[in-house]
Every structure is written in structure tokens, then in C-alpha cells.
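Have the viewer open and your selection tool ready.

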Amino acid sequence: MKPSRFNYYAVDSIDAAISLIAQQGEDARFLAGGQSLVPMMNFRVAAPTALIDLNGVPELSNVRIDNDGALHIGAMARTRQLETDPEIAEANPLIAVAAAYVAHTQIRNRGTIGGSLAHADPAAELPGIALVCDAEIHLRGLSGARVIEAAKFFDGVFTTALADGELIEKLYFPPWPEQRCWAFQEISRREGDFALVGIAAWFDMDASGAISDCRLAAIGAGDTPLLLDSPAQTLTGSVPSDALFEKAAETVAGDIAPFDDIHASADYRREVAAVLVARTLKTAWERRR
Amino acid sequence: MTRTYIGKPVTRLEDRRLLTGAGNYIDDVKLPGISTMAILRSPYAHARIQSIDLESARAMEGVIDAFCAADLDAQLPVIPLRLAPFDGFERFLQRPIAVDKVRYVGEPVAVVIAEDRYVAEDALELIEVEFDQLPTISTIEQAAAGNTLIHEAAGENMGTRYTVARGNARAAFDDAAYTRRERFVTNRHGAVPMETRGLIAEFDPEAPLLRLHGATKVNFFNRRHLAAAFDLPETSVELIETDVGGGFGARGELYPEDYLVPIASRRTGGPVKWIEDRRENLTATNHSRDIVCELEIAATAEGEILGMRATVQGDMGAYIRTNGGVVPSKAAQFLPGPYRVPSFSCDVQFLVTNKTPVGTFRGPGRFEANFCRERMLDMMADDLGIDPAELRQRNLLTPRDLPYRIGELVPGDPDATLDRGNYPAALEHLLNECGYADWDPGAETGDGRVRGMGIACFIESSAAGPPESARITVFSNGGVEIRTGASSVGQGTETGLAQICAEFLDIDMNRIDVLHGSTTLVGIGGGTFHSRNTVMAGNATRTAAEALKDRATELAALRWNCDARDLAYDDGAVHQDSDRLTLQELAAFAETRGEMLSADALFDNEKKMSYSYGAHAAQIAIDIATGVVEVERYWLTEEIGRALNPAMVQGQAIGGVIQGLGGTFLDHFVYDEDGQLLTGSLADYLLPTTSELPDITAIALENSPSEFNPMGFKGAGEGGIVAVAGAVGNAVAQALKPYSVSINELPLTPDRLRKLLRGAGA
Amino acid sequence: MSDRHNISLNVNGADYSCEIDARMTLADCLREKLDLTGTHLGCEHGVCGACTVLADGDAVRSCLMFAVQAQCMEITTVEGLANNGDLSPLQEAFRDNHALQCGFCTPGMLTTAEAFLRENPSPTRAETESAISGNLCRCTGYISVVDAILDAADRRRDAGSE
């Protein structure tokens, strides 16, 4: 299980990275944390002819919090930093909690948020978090910079809106109200495994005690992480209660398109998605109370 | 002074080197001029090979050689049967490399030898093979139907089939007040040791000498067959053992690579290394289990077992390898278990399919048999309204029943007899430990989950096979060396044997080096399997130590010019009044006489096996909505006669339990209908991790020493695993009793449990 | 043609330079070029944890890093844990708790635990279990490994308070 030959380039700036990959042709790849790409290379299911190593690009690792609480996370921020950095947890606690579910410490020490999004495994945690948080994904390529909403970024299993030669520069997470109720839950075969199915959710309350705004997202329940619009509609405008959460959970089936694999059937994922919607909402609400 | 080592949890001699990175595993062995071998393996489960083109691979820079079957002698050897060599199996043996046809994904097709593994894998990509795919046999039902033949010359896909029996099962069932029939499935999984296999061959046909590094388990058997295969005298074949990263039954058997690596060395004229990578390991190393059992039980209304009837079908994979029919035959033999089952009959079928061949994995056949029988007993207890523990106590063989002839339940094996013991006491001990009497399955748990507790009883044979050797030598520098034909697969053999030697010679254990396994060390050896090292090599070491003391005393008598009968041995020295001669001094004296202070021993238990026995209990909690099971607590009692090193015994028991939990919940080789392995990585073939470790209480009982060896040992390597699926299956079934679902098939995945619960409306 | 690189790295306090192919993993570089064979390869796809080393203090899978990426890094392998031949408190705790059998996973267990205890000197049992959840062991059943790491935490605290 040794990788095929490739040419290796270490770069120290985004500009250098995007101009170099353009020169190297379509079989060149960016190397972020390498925790998904390198296993595929060792199995020789991926055989890039060139790797442009982004680990030496300081501007990609920046993490910054605006005065309004908005969070900018550089694409090369390690998952372990998302998990342990108290400032990130304060700015967006959902990110920190979900990051701890990603694989194991050794993987989180190398794996990056940008790498996870670009890899776009439908059962991965961080893409689901980007989606549920309305993150904006900042991309850079030879043709310039552009910003894409997380909801439009994921095209399918392992496929995204990234164009050839384009890289993720950073993620922008909008400000997180202090009073927001939130939770993340997943079922996996063992600790650290990809989720069979996972649910991330948050909701905000208005002065009357009703839910004013909310998002739910599922991972492992389709070809991409999915926003769950039906339960969100059920919740919006209503006063939180276990009954409401159960009602919301019942609506989830239409929003997901789960698949069979060796670890669980589509039927399993469908019913557990509903179970987890209710549980996640309850946890979120308990956290508030 | 009298030193005591036996029975003490002394720290291990192996640990220092293993903790500092100084272990010497096969991939750590480096030889000058060594090249690396890689194997092109079949991507298809069943296909005819039309052509193989090696030219591009051979032409690649850094490639030394490449070959396939067509490049080898017309008559390639077949991999021999070592165990359970039933009639009919000779039609299904494997050659080291595919000839004309491939029969499972992963079968060797071609070999590349290159300067390093990177280049070797590059070259594999350049080999062009034309395959004509054939219909695939991916289930035992398809195998039995026989519409496609995997080995045409055999005329069928049934490796062999036989019936074994005792008593009169038909009469027992005709007269029984109670009968029940169930189908149980123990899924395909396997040993998957952390270190994959690996070998280095140095083949000098002129000398002649074939030296094979990386051997383990049964080196003397393997040497005999490799010598025959390569037409060499046995003395020209050396099998060298290194540190080994786990065996669990699968490692150290003769595999295709044990022939291919020597062939590669012979062709290239230099040393050749092959290290199995994990992708190869999951299709190339023996799988195990994979037993379907139709089991019927007959009993009185009071729950007294009258008989059992069964059909055991084993999916053997594409070839019958060295382990022959061990897995299904032992599943059949152990179905009655530790119980009084007056009548028993079993139809045992060995079906050949387009999958990786099957071999032994820790507790072969026992894990499967215990799952079927112990689940059945709980169903019967439920049907008859008898407490499961009470039902077992009514049927367990008692000390008065033992020894108990179980009959000839494996063709060709001698009539087997369960030796003395107290099975009910081991269960009673377990029930007290786990608080069985106070267990309330209906109790509120507060966390929304439901709980269950299950128990299972087992017996486990140990120490089969040939005699074992040991030689102890004392050197004039004070060092003491044990050499044994037994192998170590990482279980602490060096420590165990040193403990015995140190106690009998009354010396500091840290003076002792233990050299094991390699055929260059001793004249004969039996090897490591069937929980036999402590029994066989341990007793050989004891005998050698006693002989060494005698020899030391004789030497002292010569030195002192006195009668040996007037001398005493104590504290690592021979004494006469206030004078003493230490072993070191006597070794120096021996050397002046041109001899070594040394003693040999061979221990032969004359194939009289002792059975360890005991019981397991599991307490589980299940989340009904998600099917996720947590094993909260686990208990086991295991009678092992005598514990050589209680810490190592504990390690065997707990390691076995966790491995068994893997087999119950996680480990699964999944194939699709085309015979493709879908669990070809450790991301998909799931081994147990630390996630949700139960609290485990493992109690080694030492109440019933074996009568068949002077030290009273019974094997302790497999009792931890063999009853796990039975106990856990019963616990899950108890928790799910209100839903009336059948816990008859492993593994117990969340998906499987939810499917059952969904079917029950939950 | 292969893409060759000269790299310099510090392993267990010693400086090394070597010429390697771009594709050579850090694990293979340690084992084959530097002859530090204590780092083991159990899966080569980042699941088993046997190849764990510390890279600038962080536990990482050395099968998932290319050696060329370790340029100028400080690497600690299992060979670097003992102090002048004396077992470290962590290694002693593994020995005394019978936390190894075949020893193949042990180097990765030790390096993972070393990084964990540096970060969390007084861990709970649950934290410890989670910390080594990415390290597979087939022999021990893990419980003695967890015991050893907790024991090592005590030993390190005792040593530190002296």
C-alpha cells in the first residue's frame, strides 16, 4: 500500500499555490491535512501527478473573530484546533462540539476544515456544521476570488462546487447569538467512525417564547449533507416542547435520501434520522433551560 | 532460599524491548542485498485466466524479476492439510499461485520482485491479465446447488460431509415432551492480528539452504512440508522466528506466500522480503467462523435435555487450507458443550465458495457452537418457564459424571473424554459474582434504555498435538538459556517458561534468556496453538530443569569426588555441608571437561487433553430507538487448573472477551453477490476499540488441576472468547423479550437489531 | 522520473538528513532510511494507530504524512521515550500493568499516550479511553492499557511534585 509517484511542491502563499496547480495540470491536487487523500493514495485509488502542499501557507491558517462575533476560519485550521480553542467554542460552540466527533486525535491534529469540506464525504461532520451554520465558503482560483454559500457548495458524494485549480481560502460563520439553542448528535459504529447518521440543529427564540429562526442539517442521510427544511418549518413560530420536537422529527423523511451501505441500511438511516432530530432538539432546548 | 515464581504476576521479560521500540518483527529484519516482493492478486472471485503479460513489469527500472504459474515447474506443490484432513478435501487443495483459474478475490496471480515495495507496486500496475469471468458461488446455498463448480475435477462444491452421533437421537426426539428447532448464523470474521504476515527467504540451491525468517506457530511441521516441496533434506531448511505481532490462529500456517517467497529468492539468487499489507491481509489471510447451524433440542417438561440434533454447514471459502475441517468439525463436536446430552447427532457439511479460505481463529468452532447452544437453552428456559441459570444447573455435567466420554464426534479423532472438574461450581461462582439472584430485568433504568443480563457456559479443550521440547543450558558467565520448539505469537511465552525454570532451578528469573520457535534451536518442536504452550512447553521446561539439577549434582559430585546422593540442591547451587557450587561454577567446570551444563526434555501428554471450563455473564443496555447496544458489565469464571502468571492469564481472558465482543457486534467480512469483499480496509472491517469498554471481571479458578501434566495446567488462551456471543446474545434477547425477536444471527449491529424491532412494531 | 528531495529533520533529539522520494511516507523514512523500526505499520491507511509519532509535539499518523513534509520538524518516536536507557514512567506503567502482549501496537499506544498526558496530566478514565480510541490492539482488550496510562499520570505527577 504505497502511493504512486508524484511531484511535490511546498508553497508559502495562496497565489503561489493556485498558479502552480494551474501549471501542473488536471491531475495535480492540493495537499491539506492529507487524512483522507493520503489513504486513498496509499490504496492507489487516487494517484495525483503532483501535490501542492498547503501546510506552509500561513494565511490559510488564520482564525479571526469580528467584533460582531462572526468567525473566520482559515481552510488549513486543524480540526483539533476547532475542538480545543476556547475562542472558537465561544464564537460558535457547535463547531467545537462537532469537531470532537471527527475521527481520532491523531487525525484531528492533521486534518483541516478546508480539507474536510473539499473532500465532501456525505457522512463527515464539518460539512454538516458549515451547512447548518449558513457558512460562506471563500474560494480562490486563477480567475479570482468568489464566495459561495455552504448550501450551494456540496454537489454530491465527494463532489463540490470547487472548480479545477480552485482552493478553499476560509470559511465565514455568521455571528452566533448568545441565547441560541444548539446541539449535535450522531450514531456511529464506534467512536471516531463516520456517522451512520448525524443531526446538527440550532434555534433562536423571540420575545414571546416562540422559535423565531432555526436550522437543522443531517449527515449520512444523502449524497451530501442536507438541510432539513420540513422540521424547520414545523418549528418556526411555535413554542418549544417535546411534542413539538417529535412532530418536527416526523417530517424529516421527505428531506433526506439515505442510502444502503455495509454499515446500515437506508431504512435504518431514515428512522434514526428522525429519532436524532427529536433528541437533538431536546438537547438543544435543555441546554437553553 | 526458595524462590517462588509460579503463580506470581511477575512483569514480563519481553516488555523492555517491546516498550523501547527494540522489538525485532519480520519487517524490522534487514539483510544485505535484500529485495522486495509484491503479489498481483485476483480482482475477481471466479475467473479463467486467459493470459498474463509480464513484459512491461519486467522491463521497469528497479524490477528484478516477475513470474506467474506458467514460469514455474509444471508440478507446483499443494498446500498440505495439517489438521482435520477429512476424506474428500484432497480435491480442494490450493497451489501457491493460480493455475488457469482464480477462485477468490485475493488469490495470487503473479509476483514481482523489485528494489523496494514502492517500485514493486508500480510494476504490479503494469501486469496485464486477461480474465474470463465465471459465475460466482457467493453463498453456501449456491455451493450446495452446484450449478457452477469451483473445482471442476471434484464434481461438486461439497468439500466433504459426514454425520457423527452418540446415543439415539431419533428416539430421544420421538419421546420428548419438548422440542424446538432454530437456525443460527455465526458470521464470517477472523483473527486480523495487528502485525500482518511477512517472510524473508534466503534460498541457496547450491548449499543447499532455504532459510525462511518470519515463521511462527508450527515451524517444524512447516519445515517438513517446505523441504518436501522444494526437494531438500529437512536439515537444509531453517525456519527462523522473530517477534510476532499476534497470531490468534491465523498466522504461521503454510500459505501460498510461504512457497512464493522462497521461489522468488531462488529465482533472484538473493534474499527476498514480502510484507503483507493490510489490503492483502484482509483477503489473503484465513478468514474464520462462517457457520450456519440448524439446531434442534429435545427435553422433558422439567427441562432435562434428552437430545440434540443439528446440521452444521461451514462456508470454507475457495480452498481447503492447512486447518482442514477444524472450524465446522469443532462446532459440531462442541455443540453439546458441558451438558449431559445423552443423544446427539450432527450432519456436518463443508461447502466450498468463491471466498477467501477459512482457517482457525481463537476458539475455532467453540465460539460458534456456544452461541447456538446457549441461545437455544435460553429459548427453552423461556418456553418452559424455568430460570436460565436453573436450567443450566439441571443439565450441567456434575463432578460425579466426570470423566465423561463424549464419543467420537470428529471422524478420525480418538474417542474424546471430558476430564475431571466441577462445572456447576464454576457457574455458581459466576452467578454470585454477577449478582444474578438480585438482577431485575424489568427495573427502571432512568436513561430510556432497556437492560438485559445473559449467561453462557462453556468447555474448552487445550494442548492437543505433538510433544514439545525444551533445553536448558547454563553458561560459565552465569547466563541461563531455555530453548524450546514452542513458538511465541506475542502471548508472553518467554516470561512463562522463565518463571518455571527460575522456580525449579531456584535462580533469579532475570538471568534467563528464552529462545523459541526457530528450527535451528532444537531438534523437534510442536508449536503454538490450541492453548498449549504453558501446558506443553511449560512441562518440558520443568522436566528439563529437574534434569539439569540432576546433572549439576552429578558434576558437583565429580568435582568434590563424593557421592551425588550426599549432595543437596538449593538456591541455584549444589551443597555439601557448608560448601556450595553454583550453577555458574558448575557450568565452568563442565566446560573444562569439554561439555556444557545442559539438559533436554520432551513433554508428551500422549494426546490426553484437559478441558478448561467456566461461564460468562454479560449485562447490556440497548437503546430501542437506535439499536445501539452497550455492554455495561462482563464477568467470567474460567477453571484453568493452575495459573502460571495471573496477570498474563487475566490478559488472555480480557483480551479474549474484547475480541469476542468484536465478533459479536463488529467484525464481519461482507461479500457481495459477485464475491467482492466489501470490507477491504480497517475503516470497513471493524475491530473493537476503546469505545464503550465494559467493566470486566475475569476470575481464573484453580480448583481442578489437570491430571495429564505434572504442573496441573489447563489452557488459558481461549476461555475468554468462546462464550461471548452466547452470553451477550442472551442478554440482548432478555432485554428485547417484550418484542419477541429472534437473536439468532451475528453480528448484532444496530441495523440488524432495528430491523428486528421494526418487524416487531417497535 | 522520481521527484527526489533532501530533507533535514530532528528525530528524538538527533539531526538527520536524507534523500528521499516525494512519495515516501514519514513512517517508511523512519523505518527504512533512519533505521528506527520501532514505529510500526499496521494498516497504512490511518486507522490502526500503530505508526503514531509526535510531530512538533502532536500525535500524528506517520503513514499519512510524507517524509518531505517533515522537513525541519521535530519528531519523537517510541525510541525517544526512554531516558538514557531508563524506561520512562509511562513505559514503566505499561510494563507494570501488563498493558502489552505482542507489543506491535505498543509504540503507537505510547506515543499517543505521551502526547495526551502532556496535554492532560490528570485525565479521567473516559478521557483516556477516548484518547486512545484511534489505536487498535488485538491482544490486551485495552483495559490494562487504560489502567497503565492512568497509572502513568499518577507517576508523572508524583515525579513532578518532588
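Before colouring anything, one definition: a residue counts as buried if 20 or more other C-beta atoms lie within 10 Å of its own, as exposed if 12 or fewer do, and as partly exposed in between, with C-beta atoms placed from the backbone. This is a predicted model, in which local features need pLDDT of at least 70 and side-chain atom pairs count only at pLDDT 80 or more, while totals for chains, interfaces and linings use all residues. Residues are numbered from 1 along each chain as its sequence is written, and chains are lettered from A and ligands numbered from 1 in the order in which they are written.

**Select chain B.** Of its 762 residues, 62% are buried. Show the cartoon and you will find 18 helices and 28 strands (DSSP runs numbered from the N terminus: H or I of at least four residues for helices, E of at least two for strands). Along the principal axes, the C-alpha atoms of chain B fill a box of roughly 85 × 75 × 50 Å.

**Now chain C.** Colour domain 1 (4-80) and domain 2 (89-161) separately; these bounds come from an automatic or database domain assignment. The C-alpha centres of the two domains of chain C are 22 Å apart.

**Zoom in where they touch.** Here 16 residues of domain 1 of chain C contact twelve residues of domain 2 of chain C (C-beta atoms, placed from the backbone, within 7 Å). On the domain 1 side, pick strand 3 (52-55) and strand 4 (58-61) of chain C, which each supply at least two residues. Strand 3 of chain C gives the largest share, three residues.

Methods
Two residues are in contact if their C-beta atoms, placed from the backbone, lie within 7 Å.
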